[in-house]
Amino acid sequence: MAIFKGAGVAIVTPFKENLEVNYDKLGELLDYQIEHGTDSIVICGTTGEASTLTHEEHLECIRYTVDKVNKRIPVIAGTGSNSTDTAIYLSTEAEKYGADGLLLVTPYYNKATQRGLKEHFTDIAKEVNIPIILYNVPGRTGCNLLPKTAAELVKDVDNIVGMKEASGNISQVANLMHLTQGDIDLYSGNDDQIVPLLSLGGIGVISVLSNIAPKETHDIVANYLDGNVKLSCEQQLNYIPLIDALFCEVNPIPIKKALNLMGFEVGGLRKPLTDMEPENVEKLIKAMNEKGLKIV
């Protein structure tokens, strides 16, 4: 059984003015997401600036989220690392805290071979009992988890059950679904490709857009899975200008700006990320206004 179907939010990590994690604000965001139809919380992913959190902050964000959500919807903890030992440590701790599943990004910078990727993910999976979603985002990691490798992992390792696919390569995704005969929980990792991946047998999205449009993102998936393909496609296409604006600079710079524009007060970014360029802020505001998102 899938950890979730629908739209999981890759939630931001809110910071105070001094850039400490703002747990009270995180709690508000979690409640907002659940109240507006999000199907799952993905904490400490790329959008959550996990790469600049200390291990202590990383684990406290997971623990806080699990406790705050309190089984209302599944919580998936991002626990990937370019060190296998570190990923095992984060993953086993997340399981102890009660996470419903794990999201494991391919090791970045090291550029492991396909054999190295198999051993990395297998070693982590052997140390936990909760389901694992692999995360393929070669544009960020410099490492592409190939369909054959992913299919072997899903077949050979019982608790590796899914893939967040953000390669942008639809042909690669189609090959993955062919090799697995659809026996994998496929999630889009790109908000502009939700419907294309659903059409190949996907069951949802792990979304940046959901931070500011949780119900609308949920509806894109729900309508497709309910058989309302034409409506789902229309909704997907209607949100392309906003999605483009949310990725006109590297994620999560624009989504944090959007949340702040809406009055959520999620704070700034930890360096090396910097504030959004003024001309891109204008583009973002225009796209938000067109979708009726309230700017305060």
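This is a predicted model: local features need pLDDT of at least 70, side-chain atom pairs count only at pLDDT 80 or more; totals for chains, interfaces and linings use all residues.
User: Let's start with the fold. How many strands close into the barrel, and in what order?

Analyst: Eight strands do, in the order 1-2-3-4-5-6-7-8, and the pairing is parallel. On average, neighbouring strands of this sheet are turned by 25 degrees against each other, ignoring direction.

User: Okay, and what packs on the sheet around strand 2 and strand 3?

Analyst: That's helix 2, residues 55–69. It touches strand 2 (40–43) and strand 3 (75–78), and its direction makes about 180 degrees with that of strand 3.

User: Zooming in on one pair: how many bridges join strand 6 to strand 7?

Analyst: Four bridges, between strand 6 (residues 160–165) and strand 7 (residues 185–188), and the two run parallel.

User: Which residue there partners lysine 164?

Analyst: Tyrosine 187, over in strand 7.

User: Which residues lie nearest its centre?

Analyst: Gly45, Thr46, Ala50, Ser51 and Tyr108, out of 28 residues that line the largest pocket. By class, that lining has twelve nonpolar, 13 polar and three charged residues.

User: And which helices and strands supply at least two residues each?

Analyst: Helix 2 again, along with helix 3 (84–97), strand 4 (101–105) and helix 5 (138–141).

User: What about the second largest pocket, how many residues line it?

Analyst: That pocket has a volume of about 380 Å³. There are 23 lining residues, with Val137, Ala166, Gly189, Asn190 and Phe247 closest to the centre.

User: Last topic, helix 6 and helix 7. At what angle do their axes cross?

Analyst: Roughly 35 degrees, with the axes of helix 6 (residues 147–156) and helix 7 (residues 170–179) coming within 9 Å.

User: Is that crossing left-handed or right-handed?

Analyst: Helix 6 passes helix 7 in a right-handed crossing.

User: Which residues meet there?

Analyst: Helix 6 brings Pro147, Lys148, Ala150 and Ala151, and these meet Gln172, Asn175, Leu176 and Leu179 from helix 7. By class, the contact has five nonpolar, two polar and one charged residues.

Key:
Residues are numbered from 1 along each chain as its sequence is written. Side-chain values use heavy atoms; hydrogens and water are left out. Axes are lines fitted to C-alpha atoms, for helices over the stretch in contact, and angles run from 0 to 180 degrees between N-to-C directions. A crossing is left-handed if the near helix is turned anticlockwise from the far one by less than a right angle, and right-handed if clockwise. Contact means heavy atoms within 4.5 Å. Ala, Val, Leu, Ile, Met, Phe, Trp, Tyr, Cys and Pro count as nonpolar, Asp, Glu, Lys and Arg as charged, and the others, Gly among them, as polar. Two strands pair if DSSP finds at least two bridges between them. On a 1 Å grid over the protein atoms alone, a cavity is a set of points where a 1.4 Å probe fits but cannot get out, and a pocket is an open set with protein on both sides within 12 Å along at least five of seven lines; lining residues have an atom within 4 Å of a point. Grid points are joined across faces, edges and corners, and a volume is the space filled by probe spheres set on the points.
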